[in-house]
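Work through the following exercises with the sequence and the model side by side, and try each task before reading its solution.

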Amino acid sequence: MQIIKTVAEMKDFVHKIKAAGKSLALVPTMGYLHQGHLTLMREAKAACNTVVTSIFVNPLQFGVGEDYEEYPRDLTRDAQLAEPAGVDAIFAPAVAEMYPKGYHTFVDVEEITNHLCGRSRAGHFRGVTTVVNKLFNIVQPDKAFFGQKDAQQVLVIKRMVADLNMNLEIVTVPIVREEDGLAMSSRNVYLTPEERRAALMLNRSLQQAKAAIEAGERRGSAIRDMIVQTIETEKLANIDYVEVVAMSSLEPQEKLEGEILIALAVRFGKTRLIDNIMLTV
Ligand code: AMP
């Protein structure tokens, strides 16, 4: 497995793969890899000959006062995990390699970025779509793999790919969870043991909502209130948002029908966690 740090070397690697007629998959990450990321990599390897994973903590997608500086980074550890998952090359550029002096171009998907995380993290998705667009141009993958953990991100990327006529397939992988149900996240390492225990309420509240819908509840507000009340039983939990929305538009839904996304973001101390569940009603 190669570790590549410059755009020029990455393009050279891609050129050789394409010249050999091999298919190429990209798994974009911010590193500090866990089983969620590794599942994406294994699926990528099952689908394509060659897998490139990018490891780049993208400053553009962090807001003022967010955790850009503290975000965990360990490329040596990541390389040891990525290689057995089938990765052929890690692309780990420095910030100045991706955004050199004079950089002034951004990609902005409108409308669906006004909801959920887009509302509470101004500029976040502009940072995501800009960096992902650059990664697609550099790596030219046939397929790119994203986790359902970031449900809105998947929709935003798919919108960008469709709107800009990009020539690749976006593959979505279900959420990978710890045994006790907590969605895996690089940010889980920030949690104190008490916060870690309290965070179990996220998946529990989503499961409770799912059970209520399966039992016939069709009022979006009732489902939302139920989740809020369940999470608020945990004193350490500070809700950013809980939303019951239509999967396609991310607009809040009062009468539940079709494909529904229940998404939430909750703070435990300084750590902001997200989770979600998709249901067809
Ligand atoms: P990140 O490094 O957090 O930016 O995540 C990189 C990719 O891994 C994104 O497509 C995420 O949605 C995906 N991912 C992160 N955590 C999980 C998880 N627990 N299950 C599935 N995919 C995940």
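**Exercise 1.** Which of the 17 residues around the ligand come nearest?

The model is a predicted one, in which local features need pLDDT of at least 70 and side-chain atom pairs count only at pLDDT 80 or more, whereas totals for chains, interfaces and linings use all residues. Residues are numbered from 1 along each chain as its sequence is written, and side-chain values use heavy atoms, with hydrogens and water left out.

Step 1. Taking as near any residue with a heavy atom within 4 Å of the ligand, one finds that H37, G147, D150, V176 and M184 come nearest.

Step 2. Turn to the polar contacts (pairs of N or O atoms within 3.5 Å): an oxygen atom of the ligand lies 2.9 Å from an N or O atom in the side chain of H37, and a nitrogen atom of the ligand lies 2.8 Å from a polar backbone atom of V176.

Step 3. The protein covers 93% of the 490 Å² of accessible area that the ligand has on its own, as computed by the Shrake-Rupley method with a 1.4 Å probe.

**Exercise 2.** Determine the strand order of the open three-stranded sheet and identify its edges.

Step 1. With strands taken as DSSP E runs of at least two residues, and helices as H or I runs of at least four, numbered from the N terminus, and with pairing requiring at least two bridges, the order is β7-β8-β9, paired antiparallel.

Step 2. β7 (237–246) and β9 (271–280) each have a single partner strand, so one side of each is left without a neighbour in the sheet.

Step 3. β8 (residues 259–268) pairs with β9 over ten bridges, and the bridge partner of F268 is T271 in β9.

How values were computed. Polar contact = N/O pair within 3.5 Å; in protein donor to acceptor, adjacent residues only side chain to side chain.
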